[in-house]
Amino acid sequence: MTLLGKLTWQAIPLQEPLPLYSGLAVVVIMLAVAAWVLAKGYLPYLWREWITSVDHKRIGVMYCILAGVMLLRGFIDAIMMRTQQAMAYNAPGFLPPSHFDQVFSAHGTIMIFFVAMPFVIGLMNVVVPLQLGVRDVAFPTLNSVSFWLTAAGALLVNLSLVIGQFDRTGWLPYPPLSELRYSPGVGVDYYCWALQISGIGTLMTGINFVTTILKLRAPGMHYTRMPMFCWTALASNLLIVAAFPVLTATLAMLLLDRYVGFHFFTDTGGGNSMMFMNLIWAWGHPEVYILALPAFGIYSEVVSTFSNKPLFGYRSMIYATMAICIISFMVWLHHFFTMGAGADVNSIFGIASMIIAVPTGVKIFNWLFTMYGGYVRFSTPMLWSIGFIVTFAIGGMTGVLLAVPPADFQLHNSLFLVAHFHNVIIGAVLFGVFAGYIYWFPKAFGFTLDERLGKWAFWLWLIGFWVAWGPGYVVGLEGMTRRLQHYDVAEWRPWLLVAEAGVFIILLGIIAQIAQIVVSVRTREQRRDVTGDPWDGRNLEWSTASPPPSFNFAVLPDVTDQEPYWDMKARAREIGQLTRPEPQYEPIHMPRNTPTGFVTAFFAVITGFALIWHIWWLVLLGLLGAYATFVVFAWRDHDEELIPAEEVARLDRANRAARAAALAHRQLRRESQLESRE
Amino acid sequence: MSAPGSALRAGSDPYHIGHAPSAGVPEYTGHGAGGPAPKRIVVGYGFWIFILSDVILFSCFFATYTVLIDARNGGPGPRELFDLHNTAIETACLLASSFACGMTSLAVARQNLLWTEIFLALTGALGLAFIGLEAHEFFGLVARGDGPTRSAFLTAFFALVGCHGAHVTAGLLWLGTMMAQFPAKGFKQTIRHRYLCFSLFWHALDIIWIGIFTVVYLIGTITP
Amino acid sequence: MLLLAGCGRAQLQPAGPISDAERTILLDSVVIMLAIVVPTIFATLAVAWWYRSSNPRARRQPDFVYSGRVELIIWSIPALVIIFLGGIAWISSHDLDPAQPLPARTAPLDIQVVSLDWKWLFIYPKLGIASVNRLVVPAGVPLHLMLTSASVWNVFWIPQLGSMLYCMNGMADTLYLQADHPGVYRGESAMISGDGFADMHFNAEAVSQDQFDAWVASSRSSGPALDDAAYRDLLRQSVPAHPYTYSSVRAGLFADIVMLRLPPGEGPSGGVASVRPVGLQ
């Protein structure tokens with residue numbers, strides 16, 4: 001047993017230009033960014049205000065940044081895959097099978113676990129406590145740990161690019177292919193440990209938000225007065241709490257098979273690989289609703305705000321959301337109709353899968369009726385929402401089609417299936433988080449994003465998506481199965497070339513999004529959000545300054561109805577001034593920043609890496625370090641800091657003054673309009 | 001903090017579960033409409049949700065066990081393997097440790113350091129006895145060649161019972177840390193909340209053990 | 001529809017009763033759902049456009065947040081469609097259950113299918129021959145396929161003939177298909193099984209009964225025997241350069257594979273998979 005376990009110099013792909021140079025490029029970029037941060041002296045600020053922050057707003061922003069960076073990585077994988085398939089007609093293409101298999105596995109893993117999940121969780125982090133009218137989530141330090149563990153998982157996945165390899169089984173490692181006999185390398189281990197680590201983080205998030213939404217709300221905020229986004233966040237986090245332990249258990253079983261020779265899923269010793277299918281999809285299906293439900297919540301917020309109307313059918317939406325939440329646990333077998341479970345079982349799960357389409361359809365109609373009779377403004381978030389409705393209607397339709405078992409018998413694992421899930425994930429989740437980050441960006445940073453570039457990004461993404469994935473449906477109906485490194489069917493080629501073009505249109509969309517951020521930062525003074533309410537919003541997050549102070553609200557709001565902020569605003573506009581007098585300012589206790597999350601993740605990365613490479617002494621060190629971190633955290637005497645009343649007063653008065661000025665200005669304008677009409 | 005045993009009024013909250021108004025705090029209805037719940041409620045609730053997620057983790061191992069119970073690979077089954085006497089003693093140790101844990105909770109409520117440490121030590125000793133017996137059983141099986149690599153059934157058995165054992169071991173580590181924390185930090189609110197979570201954890205593990213010895217040991221040895 | 005007609009030869013150009021029925025279900029379901037989806041998309045765009053804030057003619061109803069009638073309609077329309085489609089799902093799942101025998105005048109032809117890394121082995125147990133990467137069948141005769149895998153999971157799929165079904169180690173599942181007319185139909189594996197997965201396609205050739213008998217006879221007369229040694233050869237990861245046949249098959253080979261009495265497929269030797277085509281005779 002060597003000191004470094006299985007790790008040797010051969011783990012670094014010196015012979016393979018693609019991973020070598022891309023890895024080198026990433027390292028160079030990271031070093032350059034680090035050097036810039038150090039040279040400008042930003043490190044103390046970053047450490048104090050962001051890395052050790054337990055503020056949900058900061059943590060949420062970091063989640064979204066992680067997601068955005070990983071979107072670029074996953075998208076590069078997508079470009080590589082499409083290019084390989086465009087080239088590899090009766091030709092080897094540029095990616096040998098061992099690489100191509102890693103690329104599509106990494107693409108799926110990164111997009112689901114390190115783009116979609118962090119983006120959705122990030123937005124929930126920023127928004128939910130503000131919408132609930134409270135100061136933070138239930139467990140702020142745990143929140144920080146959750147984020148850093150997710151980042152640790154992302155780091156491990158990306159490390160596999162330069163040290164070792166990633167798994168080659170697809171984004172879900174079905175046995176026996178993922179067992180030691182057929183995947184002897186470290187790829188599957190990288191995958192499993194990265195997801196176990198980030199899975200702990202996600203589970204902690206689920207516990208955190210369920211507790212927050214059920215136990216921490218502003219006075220007077222009954223369940224039926226919560227914003228729709230909080231309802232969908234609740235449903236999503238309940239699903240996280242219920243589903244992620246299944247993922248943890250299943251990956252643990254696979255790891256036990258691989259590391260210690262257990263026989264859960266092996267092809268000898270009595271192992272049952274069908275068990276893996278059932279377990280992993282019992283997690284996998286709720287997972288997609290974990291992603292989709294908050295996206296639906298974002299649409300509810302955006303559509304009602306930009307229609308200047310309350311959400312239509314609020315209670316109906318609650319029923320629909322909780323119905324989706326519960327039924328999502330009863331449909332998992334539709335991912336393997338072709339495993340031969342028999343007609344009775346197949347049709348029951350097929351019908352259950354179709355039943356989920358009912359509450360989803362109800363939601364779409366409720367958004368439609370929200371717009372009906374309102375004043376629709378076509379801001380960028382609204383465009384994303386309308387684009388979503390159109391795109392998702394088709395994607396959902398193909399999903400119901402796949403839920404008919406005999407149809408699935410001819411479409412399973414084909415490009416039709418791949419087009420379907422890209423349709424719904426991009427159409428619902430990605431469009432949703434794009435709408436969400438533009439909508440809540442001013443709240444987090446104090447200025448809005450450039451509208452023109454935002455609209456360009458939307459149109460490029462919408463057109464690019466259909467150009468890239470429309471052909472997927474066609475070529476799936478021409479018998480093309482997924483994950484092919486090369487092929488010899490002439491009819492598929494033109495469609496794959498069209499798909500390739502689509503990916504480049506999306507690339508332009510991404511460039512527009514990056515340009516939007518760069519340009520917006522440079523010209524931010526022109527789009528300052530002075531009052532904290534740039535969109536004429538309806539819920540409590542818009543009653544705070546942009547960005548809010550660390551304590552969110554000087555005094556927790558008293559909630560008497562749904563859309564409490566809209567009521568406040570309506571009355572204020574009537575009387576031309578703020579409705580509530582200046583409150584009695586008191587000092588506020590806020591949780592103290594702590595490096596616990598960052599240090600825990602540091603030891604998690606060490607432990608994960610050591611486990612992957614079988615460096616057992618390092619595993620022990622990593623675990624001891626993690627335990628020590630916990631003990632140090634548990635031993636601290638001061639876990640809160642006091643914000644003095646004067647500071648609270650100063651920040652709150654500034655926002656009140658800005659809002660009063662805006663109200664007065666509005667009053668003046670209305671009076672002059674009335675005068676000019678007379 | 002009112003002493004236990006004071007007269008119960010309608011709407012009073014002697015055990016601070018959080019359903020009655022207390023001075024200075026708006027009426028906490030338990031439905032979130034009185035403002036954010038008190039810290040003790042929030043901590044306990046959150047930990048309870050964690051325990052529910054842990055139950056789901058165990059249910060995966062239970063499900064796998066019942067699926068793989070007949071995959072013997074020509075090897076022994078439950079009847080040949082399990083010694084119910086050993087299981088009975090393990091159960092007694094664990095149940096007794098739960099009782100000791102309950103006594104510890106009372107001592108913590110009274111903020112009595114001596115009895116807290118004594119009952120914690122007792123809880124730990126009984127828990128350690130449980131782990132010792134279980135480890136003895138496991139090593140015995142491995143030595144006979146009936147370890148987890150022998151068959152899928154044994155894999156599932158070792159994983160399910162081992163998962164519980166791993167949780168108990170982690171609990172013992174936590175217990176040891178608490179035994180150090182009480183003398184060092186006293187009965188501060190955070191320490192008491194932490195102990196609340198530990199006791200929830202310990203009792204939950206006991207409940208899961210009842211599931212395990214019923215499904216695995218009792219039903220396994222009774223059915224042919 | 002024209003677009004679909006011009007598509008490559010696959011699910012939409014059925015050549016057998018199973019794929020024919022499945023195509024009908026596919027198209028019918030799509031049409032039923034489009035009846036809702038198209039109006040919904042149109043209504044969304046129309047409502048968004050009509051109620052744009054700059055439209056002076058739109059009647060604004062800022063308090064229209066609930067309507068029992070609307071709720072009834074928007075819950076019942078999807079529910080009715082789903083009930084209808086659910087009925088289709090139930091009936092068709094039972095009619096098209098892969099293990100359900102096909103009605104026919106002739107007795108079904110037994111074929112045992114073994115997926116290996118990275119090739120398909122087709123054993124004709126009653127005829128005593130086997131074929132690698134080429135499935136020759138008589139047209140108009142129901143095929144009783146039993147599927148298993150000697151290594152990792154694969155999915156046996158001939159789109160023009162119908163349903164795909166998993167090939168799983170240690171298990172044998174049953175699939176009935178039929179090719180109505182002579183022709184060459186592309187078959188493939190629909191689940192990633194490793195580096196050589198993209199080469200796991202094969203041709204299913206439906207021929208007349210006479211041609212089939214002739215093929216069987218010629219296979220019996222030349223070619224290697226599929227004994228244990230030859231099977232062990234197949235277990236190594238490789239991709240055959242050409243399809244070929246075995247002149248005889250050891251009795252009970254398929255049963256031994258399914259019951260795991262024979263070793264499973266070898267993984268990558270030395271940690272490196274060998275994907276380059278191997279010329280096997």
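**Domains and contacts**

Modeller: Chain C is assigned domain 1 (9–52 + 66–95) and domain 2 (109–262); such bounds come from an automatic or database domain assignment. Mind that this is a predicted model, where local features need pLDDT of at least 70, side-chain atom pairs count only at pLDDT 80 or more, and totals for chains, interfaces and linings use all residues. Residues are numbered from 1 along each chain as its sequence is written, and chains are lettered from A and ligands numbered from 1 in the order in which they are written.

Biologist: What makes domain 1 of chain C and domain 2 of chain C touch?

Modeller: Residues are in contact if their C-beta atoms, placed from the backbone, lie within 7 Å. Eleven residues of domain 1 of chain C are in contact with twelve of domain 2 of chain C. The C-alpha centres of the two domains lie 37 Å apart.

Biologist: How many residues does the contact between chain A and chain C take?

Modeller: 79 from chain A and 75 from chain C. On the chain A side, α11(A) gives the most, with nine residues. Helices are DSSP runs (H or I, at least four residues), numbered from the N terminus.

Biologist: Which residues of that side are called nonpolar?

Modeller: Ala, Val, Leu, Ile, Met, Phe, Trp, Tyr, Cys and Pro count as nonpolar, Asp, Glu, Lys and Arg as charged, and the others, Gly among them, as polar. The side of chain A that touches chain C therefore divides into 45 nonpolar, 26 polar and eight charged.

Biologist: And what about chain B?

Modeller: There, 39 residues of chain A are in contact with 37 of chain B, and α7(A) gives the most to the chain A side, with nine residues.

Technical notes: Two residues are in contact if their C-beta atoms, placed from the backbone, lie within 7 Å. Helices (H or I, at least four residues) and strands (E, at least two) are DSSP runs, numbered from the N terminus.
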